[in-house]
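Open the model in your viewer and keep the selection tool at hand. The stops below follow one another.

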Amino acid sequence: NIRGIGLASKCMHDAHVMINMGVQSILCLCILGHSWALEAISKNSPNAELFPHVTGHVLQPKHTAVSGPKQTNKFWANWIVSDAVAGNGAVHAIYPMPYVLKLGRSNELKASQNPEAMMWYQDGRLTNRDGSRLELYRTAFVGEFGLGAKEIGGKHSFEVVNEGIFGLHVAVKNPVANVSMMYPIYSGMAYVSTRYFGATPKVTTERKNFGDVFAFNNFKKVGTGTWSVTTGFHHLSRKPAELRIYVLQANSDFVNDSFHLELGCYNSCLLLNKPLDGWIRVARVISPGDADVLDAHARAILVGWDLEVEDHGRLWYKFELAAHNSSNTQPELLHWAYAHHQKMLQHAEGKTRIAQNLSSSQAPTKGHMHGVLGNNWLLHAELFEKTNALDFLPAAQPSSERQRLLRQETRKTLQELRKTWRHSMFKSDFYFSGKGFQKVAMVCLLAEQLLTARERSLCTSWLSRGFECIISRSKTDKVSSQCAGAPGGLFYDTDWGGLPSRVGYNATWHSEPVLHCMLADFGNSCYNDHHY
């Protein structure tokens, strides 16, 4: 809605306005001092004429208390979408990295950090006899540990109670016993944590007893509120896992000696001796020297994470920690970083730094992660200034001979598009139609640089007519045959709060409407971004 641009006057200094055509949501990027702030001027529903409001998506949101639009392209999406086969998306894993998480039968939070990937080569699984290329790999889920409670079982459902940019909070309640748990889950978290509200913690494992080796072994208390244990046999992992377990009060201090973790369930679970108003945290010890680093930062519990963007390619990760005892020093967060984070990380005054004497962690994808210490990260994209200066064409002018060649090829393509622009731009769905619109638009940009004003106007007239056809079809107006094949517009889906393609949306006439939704327009109606 172009009229909304007038609202941009509330942005201070330089402002860049982004408009989603027909959607009454206009965003301003304002320079406020040295900081960029992303401010929504309007959160009104999209124009109902262009985007008819619909409900009843074939894949419904589940297990979420989040009001308004839901995240559809985050690592936790499996847990909040109904599954057409299983009926519950939570049976699938999520990948915050380096840990992989699942919810167990008793809604316990199960964690895997299995570094042993299974490889398939072009000549067969796990072999490479003829030097063929790697075809695929898979890292099996090995539930090293699970965090649950004695009072909470499978009949008590879980619920996502908070979503952010980088993570979520999941709550599990037993309303009869008036106890609950909360799992704060964030990308790159160094510990798997559970906040207990009056429930009795129970730590389990998928590892099994095998011969003289139990599911849990070498269990011992190693410090105040700190225990160590080694896991046993699992058919998908040759190596046992050493775990560090921390029990903390609600103020993030370690519990006193009245709390005891005890072996139970024939050495296959650990039970706290009484209910807890506080935290259980677990981290895998990859090498013996890791334990000291993990112990030193166990009190820093991540419960929130914000993003602040500045000019010149700088951005901040602002981490929020759980409440801590103000009489003690503020704990310092330990968090995992990918290689690209390390390249961008600014080590300002030594407050943010790579953790020393801590092993790297092999994530299931994207390689090794390294521990970083600091409650705020400053990241800088060094190429920002150069990429920001890039234009559509190189800064230097081509030679006269080169210009003649470019002009000749552009004019030739323009002549071809006289006959084919509709065929290029009208492919019924948005995916392939979008490619056609981009092709024609690129030619128009070249025409602006190289050809006459008349030729440029001819080219842009095709784009204009193309968009008019999309708008007419979006409004369900009667359209001429000249618009045949133009994309049919978007719906406003009130279930998820998104704008999916109408192609494939709730195709009840189809024998498999869910499958059709996942495939039509490359799954756009089911919020699939196949480039993601």
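In what order do the six strands of the open sheet lie? The order is 5-6-10-15-20-19, and the pairing is antiparallel. Strands here are DSSP runs of E with at least two residues, helices are runs of H or I with at least four, and both are numbered from the N terminus. Two strands count as paired if DSSP finds at least two bridges between them.

This is a predicted model, in which local features need pLDDT of at least 70 and side-chain atom pairs count only at pLDDT 80 or more, while totals for chains, interfaces and linings use all residues. Residues are numbered from 1 along each chain as its sequence is written, and side-chain values use heavy atoms, with hydrogens and water left out.

Select strand 5 (100-103) and strand 19 (261-264): these are the edge strands, and each pairs on one side only.

Next, select residues 201-204, strand 15, and residues 269-272, strand 20; the two run antiparallel and are joined by three bridges. Lys202 stands opposite Leu271 in strand 20.

Move to His341, in helix 2 (residues 339-344). His341 is buried, at a relative accessible area of 13%; buried means under 20%, exposed over 50% and partly exposed in between, with a 1.4 Å probe and protein chains only. Apart from neighbours within four places in sequence, His341 is in contact (heavy atoms within 4.5 Å) with Tyr317, Trp377 and Leu379.

Finish at Tyr121, in strand 7 (residues 118-121). Tyr121 is partly exposed, with a relative accessible area of 22%.
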